[in-house]
Amino acid sequence: MASRCPPDDFKIYYVLTECTDYSDTSSVKESSMAQQHSQGVTGLRNLGNTCYMNAILQCLCSITPLVEYFLSGKYITALQKDSGEAATAFAYLMTDMWLGDSDCVSPEVFRAAIGKIYPAFLKRTQQDAQEFLIYVLNELHEALKKYRRKKTQENGLSTKCYRKVASSESSIITRLFEGQLNYDIVCLKCENCTYKNEVFTVLSLPIPSECECSLQECLGCFFQQDTLTWNNQIHCAFCESKQDAAVRASIAKAPKTVIFHLKRFDCQGRVKRKLRTDIHYPLNNLDLSPYIYPLFRKHPKYSLCGVVNHFGDLDGGHYTAFCKNTVNQTWYSFDDTRVCEIPDSAVQTAAAYLLFYSCQPFSIPTPKCKC
């Protein structure tokens with residue numbers, strides 16, 4: 001039986017909004033009262049086509065270790081001189097969202113701070129949520145990074161013998177979101193094997209079907225062996241010339257929080273389109289071990305903690321977020337200022353664009369104690 005292609009995803013959006021109709025005044029009051037007792041359940045005002053920003057901020061607000069870091073005040077000692085305005089505004093916003101008593105808050109101070117560095121986000125035009133996420137993570141890292149030296153054990157030597165490697169910069173962002181890919185590259189002429197490492201914070205996954213597939217199929221497509229030919233040939237040091245090569249990627253270091261970007265926007269020459277594939281993703285027990293290099297399979301399975309949805313097409317649309325609250329273990333839908341509780345079954349939609357998975361147990365963020 002052939003797979004049935006999903007309908008226009010704006011129809012999905014209308015169905016979701018109809019299921020959370022606030023026309024009943026009493027239900028509004030009950031919802032507001034419930035939200036006052038739920039930390040981290042706070043809407044965000046739309047400042048003019050800023051739904052992309054609101055969806056990303058809600059998902060970041062659902063990552064407990066990140067929220068704890070800012071609520072505890074640890075970020076203050078790590079702030080770099082002359083580069084901490086955006087990080088400070090982010091900390092204040094997280095505090096308002098977790099410890100404030102308002103049903104919704106405005107992210108205008110954070111937007112102004114990030115806009116000084118990336119002016120495109122000050123415009124009242126729609127932006128790509130994935131690009132905004134990368135810019136935010138990069139700016140937080142730059143503001144909070146510390147210089148450190150790593151030491152790794154030299155192969156074949158005793159545990160007391162180490163080889164110093166290049167110095168690196170560490171921050172709460174690298175500790176939570178940074179992973180490392182390892183590429184095995186084999187020359188198809190001499191069969192010489194070389195290795196290449198690449199750091200990532202977001203994994204962009206291809207979508208192998210236009211109608212329906214699973215997240216595991218997207219991962220399998222990303223990590224399958226690829227052949228480099230023609231203009232993509234590698235320079236083989238042994239052959240001393242460009243040669244065809246086989247390349248296979250694996251995860252050398254799995255991040256504590258892994259973010260998947262589903263590549264729904266497809267560009268073939270001048271033709272641009274959005275893939276509306278219904279991608280099935282698990283809420284719990286996502287197993288990444290088949291894609292992790294055997295020596296580094298130490299992380300447990302992952303649980304979903306946030307989803308960014310995109311409704312519409314390439315020229316315009318709307319972003320919302322689904323986030324799991326760590327206090328009451330309940331899923332919520334965040335549509336700018338509109339917030340509502342949703343069942344687990346509603347978290348699966350064909351509009352999913354970004355998926356946030358964590359291998360850490362859910363816990364309640366602990367704010368800094370007041371003396």
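Q: By class, how many nonpolar, polar and charged residues are in the lining of the second largest pocket?
A: This is a predicted model. The second largest pocket holds about 270 Å³ of space. Its lining consists of 13 residues. By class, these are 7 nonpolar, 3 polar and 3 charged.

Q: Which residues that line the second largest pocket lie nearest its centre?
A: The pocket is lined by 13 residues. Of these, the ones nearest the centre are Tyr183, Cys221, Phe222, Gln224 and Asp226.

Q: Which element gives the most to the lining of the second largest pocket?
A: Helix 10 (215–223), strand 11 (226–228) and strand 14 (245–253) each give two or more residues to this lining. The element that gives the most, with 3 residues, is strand 14.

Q: Are helix 6 and helix 7 roughly parallel or roughly antiparallel to each other?
A: Helix 6 spans residues 85–99, and helix 7 spans residues 108–117. Their axes come within 8 Å and cross at roughly 160°. Angles over 145 degrees count as roughly antiparallel. Helix 6 and helix 7 are therefore roughly antiparallel.

Q: How many charged residues are in the contact of helix 6 with helix 7?
A: Helix 6 brings Glu85, Ala86, Ala89, Phe90 and Leu93 to meet Val109, Phe110, Ala113, Ile114, Lys116 and Ile117 of helix 7. By class, this contact has 9 nonpolar residues and no polar ones. Its number of charged residues is 2.

Q: Is the crossing of helix 3 and helix 8 left-handed or right-handed?
A: Helix 3 (residues 51–60) and helix 8 (residues 129–144) pack with their axes 9 Å apart, at an angle of about 55°. Helix 3 and helix 8 are therefore oblique to each other. Their crossing is right-handed.

Q: Which class of residue is in the contact of helix 3 with helix 8: nonpolar, polar or charged?
A: From helix 3, Tyr52, Met53, Ile56 and Leu60 meet Ala129, Phe132, Leu133, Val136 and Leu137 in helix 8. The contact has no polar and no charged residues. Its 9 residues are nonpolar.

Q: Leaving aside neighbours within four places in sequence, which residues is valine 199 in contact with?
A: Valine 199 sits in strand 8, residues 193–200. Its C-alpha atom is separated by 5.8 Å from that of glycine 179, which is 20 residues away along the chain. With sequence neighbours within four places left aside, the contacts of valine 199 are Glu178, Gly179 and Gln180.

Definitions and conventions. Residues are numbered from 1 along each chain as its sequence is written. This is a predicted model: local features need pLDDT of at least 70, side-chain atom pairs count only at pLDDT 80 or more; totals for chains, interfaces and linings use all residues. Side-chain values use heavy atoms; hydrogens and water are left out. Axes are lines fitted to C-alpha atoms, for helices over the stretch in contact, and angles run from 0 to 180 degrees between N-to-C directions. Helices (H or I, at least four residues) and strands (E, at least two) are DSSP runs, numbered from the N terminus. Angles under 35 degrees count as roughly parallel, over 145 as roughly antiparallel, 65 to 115 as roughly perpendicular and the rest as oblique. Contact means heavy atoms within 4.5 Å. Ala, Val, Leu, Ile, Met, Phe, Trp, Tyr, Cys and Pro count as nonpolar, Asp, Glu, Lys and Arg as charged, and the others, Gly among them, as polar. On a 1 Å grid over the protein atoms alone, a cavity is a set of points where a 1.4 Å probe fits but cannot get out, and a pocket is an open set with protein on both sides within 12 Å along at least five of seven lines; lining residues have an atom within 4 Å of a point. Grid points are joined across faces, edges and corners, and a volume is the space filled by probe spheres set on the points. A crossing is left-handed if the near helix is turned anticlockwise from the far one by less than a right angle, and right-handed if clockwise.
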